[in-house]
Amino acid sequence: MNNQTTKTCLALSGAIMASLISITASAVETSLSGFGTLGYAQSNQSYNYERFINSNGTVKRDSIFGLQADIKFTDEIGATVQGKIAPSLSSDSGWASTLSWAFASWRPANDWLVRVGKQRVGLYLYSESQDVGETYDFAHLPTEMYSISPSTDYVGASVSKTWNPSIGEFTLDIYSGTISTNWRIYQRDNVQIPGSSMQPGANFKNISVNSSGFALTWLRDEDKYRASVQTQTTAIDPSSPAYYSQLTGAQINSQLTGATSGSAYSALPQSLTTTVNSVVVTLGTEIHLPQDFRLIGEYGRRQITNALNGIDTTGGYLALLKDVDAWTPYVSYAQIQSRADALSLYQAMNSDAGLTDLTFGTVPQVTGAVNTINASQRVLADGLLAYDQKTIALGTSYRLTPTQKLKAEWARTHIGVASSFVDAPAGGNVSNQNIDVLSFSYNFVF
Amino acid sequence: MKTTFKVVSLAASLLFAQAHAGEIVVIGNSNVPKMDSVTIQKIYTGKVISVSGISITPVGVKSGTTARNTFLQGFLNQDEEKYTAYWTVRRYIGKGAPPAELSSDAEVINYVQSTPGAVGYIDEADLKPGMNVIARSKGGSQSGLGGVQDFIGNLQVKPNSEYSVLSISAI
């Protein structure tokens, strides 16, 4: 589905909801609720991590406030609308109010559920409620896992079927839809490359993601298991020039009369595209162990099938939690890594070796372009979105009431080759470094 | 057969031992059929919305009341904290809102009696003649059907088996 289809789908679901409201106004039951997280995080580094965290501290990584209305038109037909205020996804400077959910639901029988409109894919264990910090004990859901997909929201349709055999409850969700969102690419160097739409600092590229897939969830007593497969087609809006299609190796090479291939240029993809096809597979479990221990683990793999890019990643985490009265301390280990050849390409483009390895036919003709070449290589490296990081975290949640939680966490993230979660300083690199982050938050629902 | 008799005897003993505990009863509108505790549990956790073709609308009483706490413990095997946490997650995964909460048993009775498909729970002491009692908590002083079925159910005996038939006749 494209943007036009998205708009049509949203308009259709809006019209359906409006019609239902007008037809059954006298019988409508509405349940209002709200949620919020007031969070603070501070690191020991001067550069930004996860957009906002640095040594000055920020409330912007985790803070979020939302309202939800569950509307019941009949026993079988309802609608859910959820709006939230959170840091903008299209700029680093402001906050934005967005409609996270707006769907109509039809439950023709106890074990069937059909939903149309804007909703969320059950890609991760906590996908659906990831904005509601009160529903889980982690101070921050591991970025290494919860970034595998650019968005878990979509506008489309889903069908759920539930079975209740003696071994528990199985729910199969099948969905298809599209969403328009932004990809954030941080250009660290203060340069403007001719012909490039990339600007120094944070760039927000509009993308359209078509996704289809399924999630199978097995609930056995209090334990939960989930597996999902999703196919995605991610297209960069033609009105927002794609980093894939501009400032290519061919463009750079055109400036190099007589230049022959070097390690960096030869590693560049030969054909560039503004559309990325990918398959995302996730597995997750939450298991209750003796002595009130819980083991939570998730694994995610996003495979790009038609391009070489850093977002071709493997990620996951494993966490051990223990419930002690109102306290739930935990320790977790998380990791995300781009595929090896993407990391190699990143290193080749990011280092000056790309230039020095070039064999120029007529050196004097290209020496004037050396700085431009190096800068453009680094811009390309930034645009590759490479990931190589691991995090160990120690934290706890404290349940104030059944609807309020306090959380605290210390986390050490080790950046290997590079990580696009880091806004590296101009002219520099952030590799083989540790980032310590201290987080506190107050989470509530009402 | 000897084993059968032992099971039935044990069930009957347990039933009579708890017969006067003062328990919670689940009442329904006149169009709502009798149910077992598993179905009640599924209704109050949002997993069942219709029974025998009848759309069910559950209501409860506000948190902190004895009736609610006893109901949660007896039918859902949960406390207030777990029940609230369950519905918080369920609401925010987009699968509906918890049953409406009324302020007293009297309100529950009025709502249930005037709303087709409605079910609610009240203290047994508030029962009045003519009310449609559709289920009782496991230890309640009901006719014995539900309690014994629950007990036998825990032994994983199939409904309508020899045990069930004998247990009914034994009460």
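**View 1. Strands E1 and E7 of chain B run side by side.** In this predicted model, strand E1 (residues 24-28) of chain B pairs with E7(B) in the antiparallel sense, over four bridges. Strands are DSSP runs (E, at least two residues), numbered from the N terminus. Two strands pair if DSSP finds at least two bridges between them. Which residue of E7(B) is the bridge partner of Ile27(B)? The partner is Val133(B). Residues are numbered from 1 along each chain as its sequence is written, and chains are lettered from A, ligands numbered from 1, in the order in which they are written.

**View 2. An open sheet in chain B.** Five strands line up in the order E5-E4-E6-E1-E7, with mixed pairing. Strand E5 (100-102) and strand E7 (132-136) stand at the edges. Each has a single partner strand, so one side of each is left without a neighbour in the sheet. On average, neighbouring strands are turned by 35 degrees against each other, direction ignored. The angle is taken between axes, which are lines fitted to C-alpha atoms; angles run from 0 to 180 degrees between N-to-C directions.

**View 3. Where chain A touches chain B.** The contact takes 19 residues from chain A and 18 residues from chain B. Residues are in contact if their C-beta atoms, placed from the backbone, lie within 7 Å. On the chain A side, strand E1 (29-43), strand E2 (64-72) and strand E4 (95-109) each give two or more residues. E1(A) gives the most, with three residues. By class, this side has five nonpolar, nine polar and five charged residues. Asp, Glu, Lys and Arg count as charged; Ala, Val, Leu, Ile, Met, Phe, Trp, Tyr, Cys and Pro as nonpolar; the others, Gly among them, as polar.

View 4. Most residues other than glycine have a negative phi. Glu50(A) has a phi near 50 degrees, and Asp292(A) has one near 65 degrees. Glu50(A) sits in the loop between E1 and E2 of chain A. Asp292(A) lies in the loop between strand E10 (275-289) and strand E11 (293-304) of chain A. Buried or exposed: which is Glu50(A)? Glu50(A) is buried, with 22 other C-beta atoms within 10 Å. Asp292(A) counts as exposed, with 12 C-beta neighbours inside 10 Å. The cut-offs within 10 Å are 20 or more other C-beta atoms for buried and 12 or fewer for exposed, with partly exposed in between.

Terms used. This is a predicted model: local features need pLDDT of at least 70, side-chain atom pairs count only at pLDDT 80 or more; totals for chains, interfaces and linings use all residues. Two residues are in contact if their C-beta atoms, placed from the backbone, lie within 7 Å.
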